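Hello,

Here is the structure we talked about handing over. Please look through it first; my notes follow below.

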Amino acid sequence: MIETLIPLAKTYLFDLILDNEEVKKFPKDFVTASMLWIRSWFLEDDPTAKAVVDSASPTVAKEAVLEAKLKELLKNPKFQHELKTKLEEYKTHLGSIKNVVDNAEIEADGNIHIGDKGLATDNSYYEKNTVKGGAKVKAGKDFHLGDDKTDSKTEN
């Protein structure tokens with residue numbers, strides 16, 4: 001059971017620590033609370049773990065320290081419980097962004113459609129159907145942003 005947590009836990013921790021582009025889209029309070037939680041476990045009584053949260057440390061060094069520290073921490077039932085809660089929150093935010101173009105250049109000779117085709121059944125997204133961050137979209141024909149239908153009575 002513990003070993004199965006390691007891959008997702010490493011991804012979660014690295015996304016936050018390395019300021020991953022996707023994490024920048026998460027709500028700020030989630031990111032702040034998560035970083036405080038990470039610091040509380042990774043800096044507690046372990047000066048070598050400072051390499052994990054130190055921005056000057058190379059990624060390869062962070063990975064080695066993180067994995068060793070993570071295996072050690074997973075022996076602690078309190079950490080396991082807290083980690084599982086954090087991973088559930090993380091998974092929720094990963095799924096809360098859909099059809100987002102960020103800092104990209106899209107050029108097509110034909111049509112461009114960003115959004116769901118057909119009936120959109122779930123609109124519980126933090127962010128959906130957006131172009132942002134200096135993204136450039138150039139379409140040779142039609143450009144459509146948004147779902148085709150938002151409910152059974154409405155068509156875009």
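This is a predicted model: local features need pLDDT of at least 70, side-chain atom pairs count only at pLDDT 80 or more; totals for chains, interfaces and linings use all residues.

F143 is partly exposed, at a relative accessible area of 39%. Partly exposed is the range between buried (under 20% relative accessible area) and exposed (over 50%), with a 1.4 Å probe and protein chains only. F143 sits in strand β6, residues 143–145. Together with V131 and L145, F143 makes a nonpolar surface patch of about 230 Å². Such patches take residues with over 30% relative accessible area and no salt bridge; nonpolar side chains (Val, Leu, Ile, Met, Phe, Trp, Tyr) are joined within 5 Å, like charges within 9 Å. A salt bridge is a Lys or Arg side-chain nitrogen within 4 Å of an Asp or Glu carboxyl oxygen. Areas come from the Shrake-Rupley method with a 1.4 Å probe; for residues, only the protein chains shown count as cover.

Residues are numbered from 1 along each chain as its sequence is written, and side-chain values use heavy atoms, without hydrogens and water. The mean pLDDT (the predictor's confidence in each residue, from 0 to 100) is 79. 80% of the residues reach 70 or more. Confidence is lowest in helix α3 (residues 50–53), at a mean of 68, and highest in strand β5 (residues 136–139), at 89.

**Overall build**

The protein has 5 helices and 6 strands. These are DSSP runs numbered from the N terminus: helices are H or I with at least four residues, strands E with at least two. From the N terminus the order is α-α-α-α-α-β-β-β-β-β-β. Of the 156 residues, 34% are buried.

**The core**

The largest nonpolar core has 26 residues. A core is a set of buried Ala, Val, Leu, Ile, Met, Phe, Trp, Tyr and Cys residues joined through side-chain atoms within 4.5 Å. Helices α1, α2, α4 and α5 each give two or more residues to this core. The largest share, 8 residues, comes from α1. Y12, W37 and F79 are among the residues with the most contacts inside the core. Y12 touches F30, S34, W37, K86, L87 and Y90, leaving aside residues up to four places away in sequence. Contact means heavy atoms within 4.5 Å.

**One buried leucine**

L66 lies in helix α4. L66 counts as buried, at 0% relative accessibility. L66 and F42 are 24 residues apart in sequence and 8.4 Å apart in space, C-alpha to C-alpha.

Best wishes
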